[in-house]
Amino acid sequence: MILKSLSLLNYKNFESVSFEFDDKINCFVGNNGVGKTNVLDAIYHLSFGKSYFNPVTSQNIRHTTDFFVINSHYQKEKRDEKVIVSVKKGQKKIIKRNGKAYDTLSQHIGFLPLVIVSPTDRDLITEGSHTRRKFIDGVISQSDQSYLKTLLSYTKTVSQRNSLLKYFVANNTFDPSTLDIYNQQLSEYGTIIFKKRTDFLETFIPIFIDRYQTISSGKESVSLSYQSNLAETDLLSLLEQNLSKDRILQYTGVGVHKDDLSFEIDDHPIKKFGSQGQQKSFLVALKLAQFDFIKQQSKVNPILLLDDIFDKLDEKRVEHIIKLVDDQNFGQLFISDTHADRTEDVVKKISQSYKIIKL
């Protein structure tokens with residue numbers, strides 16, 4: 001899959017701009033603040049229908065205007081695909097493929113597989129469990145539409161159950177039969193989600209560990225493990241056991257929406273004991289493993305975005321990552337960096353075509 005061209009209208013800092021891309025490596029270079037990351041974010045927007053860096057849609061519209069349009073031309077499996085994302089303030093976002101709008105944005109997820117590596121990925125290590133669940137769910141959803149539908153249904157049911165718990169307290173009442181309906185639904189959806197996350201991680205973890213060993217030249221040992229209450233007890237039993245607490249807090253306190261991932265280096269939490277370089281290598285390995293998994297499932301080379309790749313990584317490690325594109329047929333790569341010479345020195349060392357785009 002190749003992104004051939006891109007045009008932006010009123011997207012973030014761009015009034016109007018168009019790009020033609022190389023089939024292999026494209027490098028956006030320029031000073032901070034010129035919009036390098038914004039171009040990568042527009043490419044991400046085309047795959048996921050939202051910004052990677054700012055999910056508030058209206059805030060991605062250029063100041064003093066009331067709409068944006070992202071227009072693109074892809075080549076996928078020898079077919080031309082034209083995808084447009086457009087937004088007008090106060091109206092629903094529209095994604096069109098070859099002139100036809102999707103009924104729901106979720107129908108588009110997975111059609112243009114993509115992986116992004118960014119300095120903001122550090123949130124996966126430093127922030128709460130929600131960020132890590134979002135990572136797992138995002139990887140699985142790109143190749144499994146039924147998982148995404150189940151996840152949306154589960155999230156909606158949790159919200160409904162929470163509203164019911166609040167209603168009971170506000171009206172000084174309690175109806176166990178109504179609550180049981182939501183419990184049964186959560187158990188059904190949650191069991192599916194837990195099984196698919198478990199199956200995914202059984203495949204994903206060995207790929208991740210192999211990627212980290214390669215990036216770090218085998219100098220450190222890392223691990224990734226899945227933490228879920230459902231590993232010990234079924235969700236219906238958990239909900240019943242936690243009922244008294246849920247009624248007091250007016251919130252569903254157990255379920256797959258509480259699952260987490262544990263990240264460790266040399267048997268210690270990487271958040272506390274990993275250096276900045278080790279943490280960055282850990283995150284890059286996660287994203288490259290994500291790439292491998294999506295490629296394996298979809299039989300398509302995802303687009304790979306490397307935003308500010310030199311951040312907290314020495315040039316030797318960056319060079320190794322770029323070489324992976326040459327050695328393992330990664331497909332199309334987009335890089336952003338502040339130093340044109342540094343970037344070109346690295347990409348020139350591999351045998352793929354490239355284009356330097358100065359902003």
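Here is a short walk through a strand pairing and some salt bridges in this predicted model.

**Stop one: strand β10.** Select residues 260-265, which make up β10. Five of these six residues are buried, so the rest of the structure largely encloses the strand. To see how the two line up, pick V222 and look across to I265 in β10.

**Stop two: the hairpin.** Stay on I265 and bring in H268, its bridge partner in β11. Strand β11 covers residues 268-269 and runs antiparallel to β10, joined by two bridges. Two residues sit between the strands of this hairpin, and D266 takes a positive phi near 50° there.

**Stop three: E81 and its arginines.** Jump to E81, which is buried at a relative accessible area of 2%. What does R97 form with E81? A salt bridge, with the closest N and O atoms 3.0 Å apart. That pair links distant parts of the chain, with R97 in strand β6 and E81 in strand β5, 16 residues apart. Next, show R79: its salt bridge with E81 has the closest N and O atoms 3.9 Å apart. R79 is partly exposed at 49%, and R97 is partly exposed at 27%.

**Stop four: K287 and D121.** Finish with these two side chains, which meet in a salt bridge at 3.2 Å, N to O. K287 lies in helix α9 and D121 in the loop between β8 and α2, 166 residues apart. K287 counts as buried at 4% relative accessibility, and D121 counts as buried at 2%. Back at stop three, shared partners join R79, E81 and R97 into one salt-bridge network.

Notes: Residues numbered from 1 in each chain as written. Predicted model: local features only at pLDDT ≥ 70, side-chain atom pairs only at ≥ 80, totals over all residues. Heavy atoms only, no water. Buried < 20%, exposed > 50% of the residue type's maximum accessible area, 1.4 Å probe, protein only. Helix = DSSP H or I, 4+ residues; strand = E, 2+ residues; numbered from the N terminus. Pairing = 2+ DSSP bridges. Salt bridge = Lys/Arg side-chain N within 4 Å of Asp/Glu carboxyl O.
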